[in-house]
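Biologist: I would like to go through this model with you, beginning with the loops and then turning to the strands. Shall we start?

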Amino acid sequence: MANSQVETLRHLGLGDGTNPHGTPVIRNSTIYGTTVYGGNYGFGTIYRLANDGSSYTVLRHFTGADGANPVAGLARRGQTLYGVTAYGGANNAGVIFRLRLDGSGYALLRHLKEPNGANAYSRLHATLVGGVWHLYGTTTNGGRNGTGVIFRSRLNGSNFTVVHHFGPGPLGTRPAGGVIHLGTRIYGVTNSGGAYDGGVIYRMNDSGGGYTVLRHLSVADGYGPVFNSLITNDAWLFGTLQYGGSSGHGTIYRIALTGSGFTVLHHFDGVDGAHPTNELVRAGTKLYGTTSGGGVNDVGTIFAINADGTGFAVLDHCSITDGANPAAGLALNAGILYGAASLGGANGLGTIFKLGL
């Protein structure tokens, strides 16, 4: 990456795991994440490394039987990490898993299968519901209409329940993004469906029912959200859309929790980035994120913008040499952003990096 502030912590290789797409998790001085491919069996890994780039350790080499291709990042609750894979498991439809921070105690909580949802691409959301901790997640396929579901379970995998079956098309389909939980409601996005087939922003009751489309996404808005793409404060949802907008390269938006006040905060023009595919991270009045394409080298950018839409700035133009196509979102810890590039680096298979603010 071009900016001297960006430091490549790890050049990934086949034995390490390759092509990370999920946003890293930071706890104290340690980074945790997933790679989609590579590892001993080629089905991806879970890794850990120190925030100075040392002590890189593969905590899990996925075998296929225990899951394959963890596109999503990880969720953490206490000393335990939770995650999903897109494929593998007993039905090759993905799994829900957990393991401890030291890599021990790997457990399969659920083998996903039809008709209860298949192929999970977004990070789980751990949250309290009625005083009990639950995991919420989405699948892109499966369910009653074959176009994905929202599910929840206890942290130990028990009480697995599908709380929503997506479809028919006008109500939104293929929820490539995960959900967030506020009060007694959950909010999320779909990758397709809606009035313009560009996806929707929705809310519903956390126990099921009350499904409401807040916004039918259009070419003018931006469309096609993927992976985890929503963050919030007390009144607003913020997100990214990978296509559309005034130049066709995607947008950053906000919308009130009520569904009113939808505003495009930034239209990417290609030079400042193109095709943002993951969530933003917020620090005070600033939002930070990545684009998977565009920029000076046409392999992505790292950017900042104020929450009111002013002050957009490219912090870094990514490069093939140091890490290209940062499809993952960013994690913020002690004034430092941590991220992962899905391609590029010394082996062409991705990197893990940090950027001081």
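**Loops and strands**

Modeller: Arginine 174 lies in the loop between β13 and β14. Please note that this is a predicted model.

Biologist: What is phi of arginine 174 near?

Modeller: Phi is near 60° there, a positive value in a residue other than glycine.

Biologist: And is arginine 174 buried, partly exposed or exposed?

Modeller: Arginine 174 counts as partly exposed, because its relative accessibility is 29% and that class lies between 20% and 50%.

Biologist: Which peptide bond is cis at proline 168, and where is that proline found?

Modeller: The cis bond runs from glycine 167 to proline 168, with omega near 0°. Proline 168 is in the loop between β13 and β14 (179-182).

Biologist: What joins glutamate 114 and proline 115?

Modeller: A cis peptide bond joins glutamate 114 and proline 115, and omega is about 0°. Proline 115 sits in the loop between β9 (107-111) and β10.

Biologist: Now the strands. In which order do the strands of the open sheet run?

Modeller: The order is β10-β11-β12-β13, 4 strands with antiparallel pairing. β10 (125-129) and β13 (161-165) are the edge strands, each pairing on one side only. From one strand to the next, the twist averages 30°.

Biologist: How many bridges join β10 to β11?

Modeller: There are 5 bridges between β10 and β11 (residues 132-139), and the two run antiparallel. Within this pair, alanine 126 stands opposite leucine 135 in β11.

Biologist: Which strands does β20 pair with?

Modeller: β20 pairs with β19 (residues 236-241) in the antiparallel sense over 6 bridges. Threonine 240 has isoleucine 252 in β20 as its bridge partner. β20 is also joined to β21 (residues 263-267) by 4 bridges, again antiparallel. Tyrosine 253 stands opposite valine 264 in β21.

Biologist: What lies between β20 and β21?

Modeller: The two strands form a hairpin with 6 residues between them. Glycine 259, in the turn, has a positive phi of about 100°.

Methods
Residues are numbered from 1 along each chain as its sequence is written. This is a predicted model: local features need pLDDT of at least 70, side-chain atom pairs count only at pLDDT 80 or more; totals for chains, interfaces and linings use all residues. Side-chain values use heavy atoms; hydrogens and water are left out. Two strands pair if DSSP finds at least two bridges between them. Axes are lines fitted to C-alpha atoms, for helices over the stretch in contact, and angles run from 0 to 180 degrees between N-to-C directions. Buried means under 20% relative accessible area, exposed over 50%, partly exposed in between (1.4 Å probe, protein chains only).
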